[in-house]
Amino acid sequence: MTDKFLCDFRFLLLAAAVAFIYIQMCLFTTQSKYADRLANAVEAETRCTSQMRKLIDQISMQQSRIVDLEVKGLQRRMDKIQTPVAAVVIMACNRADYLERTIKSILKYQNAVASKYPLFVSQDGSDPQVREKALSYDQLTHMQHLDSKPVQTERPGELIAYYKIAHDMEIAPDFFDYFEAAAALMEKDKTIMAVSSWNDNGQKQFVHDPEILYRSDFFPGLGWMLTKSTWNELSPKWPKAYWDDWLRLQENHKGRQFIRPEVCRTYNFGEHGSSLGQFFRQYLEPIKLNDVQVDWKSKDLSYLMEDEYIKHFAEILKNAKPINGADAVLKASNVQGDVRVHYKDQPDFERIARQFGVFQEWKDGVPRTAYKGVVVFRYPPPRRVFLVGPKSFELLGIKSV
C-alpha cells in the first residue's frame with residue numbers, strides 16, 4: 001500500500017513538473033513575442049525619427065515654412081539663391097487604395113518640380129498593403145511609425161481613428177504655385193496665421209472665380225501652410241487628435257486670421273474614414289476642385305493685407321443689396337447683383353444657412369468661412385450672397401447704409 005502511494009505521489013510530482021515546465025515555456029514564448037514586437041516598434045520609431053530628422057535638416061537649414069497637405073506637411077526653406085525648397089509629406093494609415101490615389105494626384109503636378117518638392121509617405125501603423133503600396137513608388141521616401149502600446153483616447157466617446165488620422169486628397173494643377181505666392185504674403189503680414197487650399201462652402205453650386213481669395217476668422221484645414229515660427233509656437237502644445245478644432249480656438253489662433261480660396265485647391269475623396277462618411281455626400285463630394293492653371297506669380301495679392309482687406313471687403317459688402325424677411329433664397333434669386341442677408345444670432349444664421357444649403361456649423365463662436373461674422377458664397381453664381389452678423393458692420397467700420 002505504501003509503495004503504491006509513493007508511486008502515485010511521484011507520478012503526480014512528475015505531472016506537476018511537466019505542467020510547470022510547459023507553463024514556463026508558454027510564458028517565455030509570449031514574453032519573447034512581446035519583446036520582439038516592442039523591439040520592432042522601437043526600431044521602427046527610431047528609424048522614423050532618424051528619417052524625419054534628416055528631412056528636417058534637408059529643408060530647414062535656413063528660413064522655413066510648413067505646409068500641411070493634411071496629407072500633413074510641406075516644410076519650406078530659401079536656399080542661397082532664394083530657390084524655395086519644400087517637402088510634401090502624405091500621412092497614411094490603413095487605406096492603400098486611397099493612398100495610391102493621393103500619390104498619383106500629387107505626382108501628376110509634382111514631377112516637374114520634384115527637386116523643389118520631394119515627396120514622403122509617413123505611415124501610421126503596420127498595415128502591410130499601405131507599406132507595399134508606398135514602397136512600390138521610386139519617386140518617394142517611405143517612413144513608418146509603430147505604436148509600442150495601444151492608443152488611448154483622452155476623452156470618453158472619442159474615436160481612436162482621430163488619433164491615427166490620414167487624409168485622402170487630390171490637388172489642383174496650380175496647388176504648388178498658389179502656396180508659393182501665398183507664402184510671400186504670409187511673410188509680410190504677421191496677422192495671417194495660415195494659408196489654406198480649402199473652402200468649406202466650395203461646392204460647385206456656390207463658387208465661380210478661381211482667382212478670388214478671402215481672409216477668414218475660421219481655420220479651414222484640409223491643405224494648409226503656416227510659418228516655421230508659428231509651428232514652433234504651437235508644436236509644444238499640439239494635441240494628439242482633433243487639432244483642427246483646437247486651432248479654431250481663440251486661445252490658440254489669438255485673433256490671427258487665415259487665407260482661403262473661393263475655389264478649392266484640394267479635393268477630399270475619403271468617404272470611408274474617421275468621419276464615417278459624415279457630411280460627405282452633402283458637403284464634400286460636391287466640392288469643386290480647381291481645374292484652371294492660374295498664374296499666381298503675376299497676381300497682386302496686396303489686397304489681402306490686413307489694413308487693405310478690411311476696406312476692400314467693407315466696400316464690396318456696402319454695395320450689396322439688402323434682403324429682409326422670409327424666403328431669402330427666392331428673393332436673392334430675383335435680385336440683380338450681390339445681396340446681403342442680416343442674421344440676428346446663431347439660431348437665425350443656422351435657419352438662413354439651411355435655406356441656402358451652406359454650412360450651418362459654428363466653432364468657438366465663429367461660423368465656418370466667416371470674416372468679421374460675414375459668410376460669403378455664390379448663389380446662383382456669379383451673384384454673391386453675404387450672410388451678415390449683428391456686429392459685422394461695426395467690426396468692418398461700416399456706418400448704417
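**Labels and their grounds**

Analyst: Of the contacts in the chain between residues at least 6 apart in sequence, 68% join residues at least 24 apart. The model is a predicted one. Its chain has twelve helices and 18 strands, and buried residues make up 48% of the 401 residues.

User: Why is Gly125 called buried?

Analyst: The cut-off for buried is under 20% relative accessible area. Gly125 has 11% relative accessibility, so Gly125 counts as buried. Gly125 lies in the loop between strand 5 (119–124) and helix 3 (128–135). Its C-alpha atom is separated by 5.9 Å from that of His145, 20 residues apart along the chain.

User: Why does Thr369 count as buried, and why is Lys372 called partly exposed?

Analyst: Buried is under 20%, exposed is over 50%, and partly exposed is in between. Thr369 is at 4% relative accessibility and therefore counts as buried. Lys372 has a relative accessible area of 21%, so Lys372 is partly exposed. Thr369 is in the loop between strand 16 (366–367) and strand 17, and Lys372 is also placed in the loop between strand 16 and strand 17.

User: What is the phi of Thr369, and what is that of Lys372?

Analyst: For Thr369, phi is near 75 degrees, a positive value in a residue other than glycine. Lys372 is not a glycine either, and its phi is positive at about 55 degrees.

User: Which peptide bond is cis at Pro380, and which at Pro382?

Analyst: The bond that joins Tyr379 and Pro380 is cis, with omega about -25 degrees. The bond from Pro381 to Pro382 is cis, with omega near 10 degrees. Pro380 lies in the loop between strand 17 and strand 18, and Pro382 is placed in the loop between strand 17 and strand 18.

User: How do you know that the end-to-end distance of helix 9 agrees with its number of residues?

Analyst: Helix 9 (residues 306–319) has 14 residues, which at 1.5 Å a residue should span 20 Å; the end C-alpha atoms are 20 Å apart, so the two values agree.

User: What makes the buried residues of helix 9 line one face?

Analyst: The buried residues are Tyr309, Phe313, Ala314, Ile316 and Leu317. Seen down the axis of helix 9, they fall within an arc of 165 degrees, and therefore they line one face of the helix. On the other side, Asp307, Lys311 and Asn319 are exposed. The cover over the buried residues of helix 9 includes strand 9 (213–216), strand 14 (339–342), strand 18 (384–388) and helix 12 (392–396).

User: Which residues have the most contacts inside the largest nonpolar core?

Analyst: They are Val195 and Phe386, in a core of 49 residues. Helix 4 (residues 175–188) gives the largest share of this core, nine residues. Apart from neighbours within four places in sequence, the contacts of Val195 include Tyr178, Phe179, Trp224 and Ile259. A second, separate core has 22 residues, among them Val335, Ala353, Val358 and Phe377.

User: How many cavities of 30 Å³ or more are there, and what lines the second largest cavity?

Analyst: The structure holds two of them. The second largest cavity has about 40 Å³ of space. Its lining includes Asn199, Tyr214, Glu262 and Arg378. Strand 17 (residues 375–378) gives the most to this lining, with three residues.

Definitions and conventions. Residues numbered from 1 in each chain as written. Predicted model: local features only at pLDDT ≥ 70, side-chain atom pairs only at ≥ 80, totals over all residues. Heavy atoms only, no water. Helix = DSSP H or I, 4+ residues; strand = E, 2+ residues; numbered from the N terminus. Expected span 1.5 Å × (residues − 1). Buried < 20%, exposed > 50% of the residue type's maximum accessible area, 1.4 Å probe, protein only. Arc of directions from axis to C-beta. Contact = heavy atoms within 4.5 Å. Core = buried A, V, L, I, M, F, W, Y, C linked by side-chain atoms within 4.5 Å. 1 Å grid on protein atoms, 1.4 Å probe; cavity = no way out; pocket = protein on both sides within 12 Å on 5 of 7 lines; lining within 4 Å. Points joined across faces, edges and corners; volume = space filled by probe spheres on them.
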